[in-house]
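Hi,

Here is the structure I said I would pass on. Have a look at it first, and then read my notes below.

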Amino acid sequence: MPEPLTYSEAIREAMAEEMRRDGRVFLMGEDVALYGGAFRVTRGLLDEFGPGRIRNTPISESGIVGAGIGAALVGMRPIVEIMFMDFITLAVDQLVNHASKYRFMYGEQARVPLVVRAPAGGHRGYGPTHSQCLERLFFSMPGIKIAAPSTPADARGLLKAAIRDDNPVLFVESKILYPSLGDRPEEQAFAGKDDDIIPLGRARVAREGEHISVIAYSEMVVQAVRAAEALEAEGISLEVIDLRTLAPLDMARVLESVGKTGRAIVAEEGHRTGGPGAEIACRIVESCFYELDAPVRRVAAMDVPVPVSPLLERRVLPSAFDIASAARHLMNEA
Amino acid sequence: MNTPADLYRKMALIREFEMRIDEMFATGRIRGTTHLSAGQEACAVGACAGLRCDDAVVSNHRGHGHFIATGGDPGAMMAEMMGKQTGYSRGRGGSQHMACFDIGFLGSNGITGGGLPVAVGAALGFKMQKTDRIVLCFFGDGASNQGTFHESLNLAAVWRLPIIFFCENNLYAMSTPMHDATAVENIAERGNAYTIAGEVIDGNDVIAVRDAVAGAAERVRGGSGPALIEAMTYRYLGHSKSDKCEYRTREEEQRWHERDPIKLYAARLRESGELDDGRIARIDAEVKQQVDEAVEFATTSPDPNPDELEGSVFA
Ligand SMILES: Cc1ncc(C[n+]2csc(CCOP(=O)(O)OP(=O)(O)O)c2C)c(N)n1
Ligand SMILES: [Mg+2]
C-alpha cells in the first residue's frame with residue numbers, strides 16, 4: 001500500500017497527476033513556484049513542470065482570476081491559487097460577473113473550466129482578514145460549483161473532478177486540515193490511480209448513526225465525527241453527512257438521512273447568518289417538516305469577525321463541543 | 001521631538017521590538033503570524049519625522065515600525081500581539097491589525113494594497129474639511145501590483161489630494177523578486193502614468209527619508225496634489241515567521257546588513273559629535289528596558305472578555 005497522504009499532499013498530487021495527463025492544465029498564484037505557496041501546498045511542482053506551467057504571479061488577485069477565465073475560454077484548464085480565501089474578495093467581480101455567467105449569458109457557447117483553490121478557516125490566530133470562510137459569497141450565485149473536502153482522499157478525488165469539469169469550480173481547502181492524514185486507509189490504496197475521481201455533487205456518510213443527522217462540510221465534518229464519538233457514551237448516536245460539494249448540493253442524500261433520524265443539525269464554520277447552513281436547514285424544513293421530531297438546529301460561527309486572541313477565537317468559531325451540546329438539546333426537545 | 005537622539009532612539013526601539021517578537025514567536029509565546037520590519041527602520045522613522053503630528057498615517061501588514069514611529073506605545077502593541085484586553089485592538093486584530101485613531105494612525109492591515117484607497121479617502125476628507133492636514137500611506141513594492149494602487153494614484157491625482165504614497169521597496173514581495181512581478185524598473189516611474197512625480201530615495205538613510213518626506217509634505221500641503229516616494233530598503237527577517245528565505249542569497253543579505261540603517265545613523269552621529277558612544281549605549285539600554293516593560297505589561301494584562309464580542313460589531 002502506498003504511503004498515506006496528508007490533505008495537502010493529496011491536493012498537490014491531484015494537480016500533478018492532472019498536469020501530467022493533460023497539457024492544458026496549469027497553475028498560477030502568488031509565490032506558488034519555488035516557495036510553494038503560503039502553506040507549501042504546491043511545493044515541488046516547479047521542479048517537475050517548470051515556470052511555464054507553475055506561474056508565480058504579481059499580487060493581483062483580480063488580474064489572475066480574470067486571466068484564468070480568459071485562458072479557460074480559449075481552451076486551457078487553469079488552476080488559480082488564492083493565498084488565503086479572504087483575498088478572493090478582490091476577485092469577486094471576475095468570479096461573479098464573469099466566470100459564473102459566461103456559459104449562460106453568451107447563449108451556452110462558452111466553457112469556463114477554471115479551478116480557484118483557496119485555503120479557508122480559522123483556529124490559527126491569524127485574525128479577521130486571514131481566517132474567513134467565504135464560500136458563502138458564491139454559494140448563492142448560479143454558475144459556480146463549490147467543493148469543500150474533509151479528507152485527503154476526498155481532496156484528491158474532488159480536485160481531479162474539478163479540474164476535469166467544464167465549469168468554474170471554487171475549491172475550498174481547510175488550512176487546519178493540511179497536515180492531516182487520511183482517516184480511511186482503504187481509500188488511500190487508490191492513490192496514484194485514475195479511477196478514484198469523486199464526482200462533484202455526491203455527499204457521503206462519514207459516520208452512520210440513528211438519532212440525529214449532522215450535515216457538514218470541510219473541517220466541520222471532523223468536528224462532527226469527534227462530537228459523535230464523544231456522544232456515543234451518552235447513548236446519542238449521530239449520523240454525519242459530509243456534503244463534499246456545496247454546489248451541486250446533494251439534498252437527496254441529506255433528506256434520506258434526516259428522513260431516517262428525524263433530527264438535523266447543520267454545521268458550518270462560517271458565520272451563522274445567510275450562509276450555506278441556513279439554506280440547507282430551510283430545504284430540510286421545506287421537504288420533511290412532518291418527519292422531523294424536533295426543530296432543525298444550526299451550529300456556526302458567531303456573527304462577528306474572527307479575532308486573534310485564542311480565547312476570543314475559540315468563542316467565535318464553532319467546534320465539536322457546540323455540535324455535541326446542540327445534539328443534547330435536540331434529544332431533550334423530542 | 002525629532003532631535004537626532006530621538007530618531008536614533010525610535011529606530012533602536014523598533015529594532016528591539018521586532019527582534020523580541022521574533023524570539024517570542026520562536027518560543028511559542030505569541031501565536032498566529034507576524035511580519036517584522038527589522039532593517040526597514042529608517043523608512044518608518046524618517047517618514048514620520050517628515051510629517052506634522054496632526055497628519056495621518058495608513059500602514060500595511062508590516063506595520064509595527066510605522067506605528068512606533070507615529071507614536072504607538074510598545075506596551076499596548078505588545079499586548080495586542082498577545083491578544084490581550086489592553087492591546088490597541090482589544091486582542092481582536094493582532095500583529096497585522098492595529099490602530100490608534102487619536103494619534104492619526106489609521107491602521108495596519110492584512111490585505112495587501114487594501115490601505116491605499118482608504119488613505120486616499122482620508123486625504124479627501126481632510127481636503128473637504130478645509131484643513132491642511134495630509135496623509136502618508138505606507139505600502140510595499142508588491143502592493144503596487146494591485147489594482148487598488150493604480151486606482152488610488154489616479155483618484156488622488158484627479159482630485160489633487162493631500163497624500164504622500166510612500167513605497168518601501170524591500171526588493172521582494174514574500175518570495176517574489178520585484179522584477180519578476182513588476183514591469184517597470186522603479187515603482188516611482190508608475191507615478192508618470194498619473195501625472196505624479198515619483199522620487200527614488202535611499203530608504204536606509206533616515207535623514208534622506210525625513211528630508212524627502214518633509215519636502216513632499218510641504219508641496220502636498222500647499223495643494224500641489226499627491227506625491228510618490230520609493231524608498232529602497234531591505235527586510236532582514238523572513239517574510240513571516242515560517243519563511244527560510246531560500247529565494248535570496250546570504251551574500252545579498254550580508255551586503256544590506258553592511259548598510260544597516262541604525263548603524264549608519266549612529267556612525268554619522270558619532271562623526272558629527274552629536275552623540276557619543278556612551279550616550280548611544282545608554283539609549284540602547286533604555287529601549288531594551290522599554291521593550292522588557294512592554295512584554296511585562298502585555299504578559300500581566302488581562303485577557304479580553306468573550307462576552308463583550310457580540311455588542312462590538314456596530315457603532
Ligand atoms: C490581497 C492580498 N493578497 C496577498 C496577500 C499575502 N501577502 C501578504 S504580504 C505579501 C507580500 C507583500 O509584499 P510587499 O507589498 O512588497 O510588502 P513587504 O511584505 O515586502 O513588506 C503577500 C503576498 C495579502 N495579505 N493580501
Ligand atoms: Mg516588498
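**Salt bridges, a helix and a metal site**

Glu18(A) and Arg21(A) sit three residues apart in helix α1 (residues 7–21) of chain A, which means that about one helical turn separates them. (Helices are DSSP runs of H or I with at least four residues, strands are runs of E with at least two, and both are numbered from the N terminus.) The two form a salt bridge, with their closest N and O atoms 3.0 Å apart. That term means a side-chain nitrogen of Lys or Arg within 4 Å of a carboxyl oxygen of Asp or Glu.

Before going on, some ground rules: this is a predicted model, where local features need pLDDT of at least 70 and side-chain atom pairs count only at pLDDT 80 or more, while totals for chains, interfaces and linings use all residues. Residues are numbered from 1 along each chain as its sequence is written, chains are lettered from A and ligands numbered from 1 in the order in which they are written, and side-chain values use heavy atoms, leaving out hydrogens and water.

Back to that pair: is Glu18(A) buried or exposed? Glu18(A) is buried, because its relative accessibility is 0%, whereas Arg21(A) is partly exposed at 47%. (Buried is under 20% relative accessible area, exposed over 50%, partly exposed in between, using a 1.4 Å probe and protein chains only.) Both residues also belong to a salt-bridge network that includes Arg156(A) and Asp196(A).

Over all chains there are 42 salt bridges.

Finally, which protein donors hold the magnesium ion (ligand 2)? They are Asp141(B) (OD), Asn170(B) (OD1) and Tyr172(B) (O), at 2.0 to 2.1 Å. (Donors are N, O and S atoms within 2.8 Å of the metal, or 3.2 Å for Na, K and Ca; water is not among the atoms, so sites may look incomplete.) Asp141(B) and Asn170(B) are both buried.

Cheers
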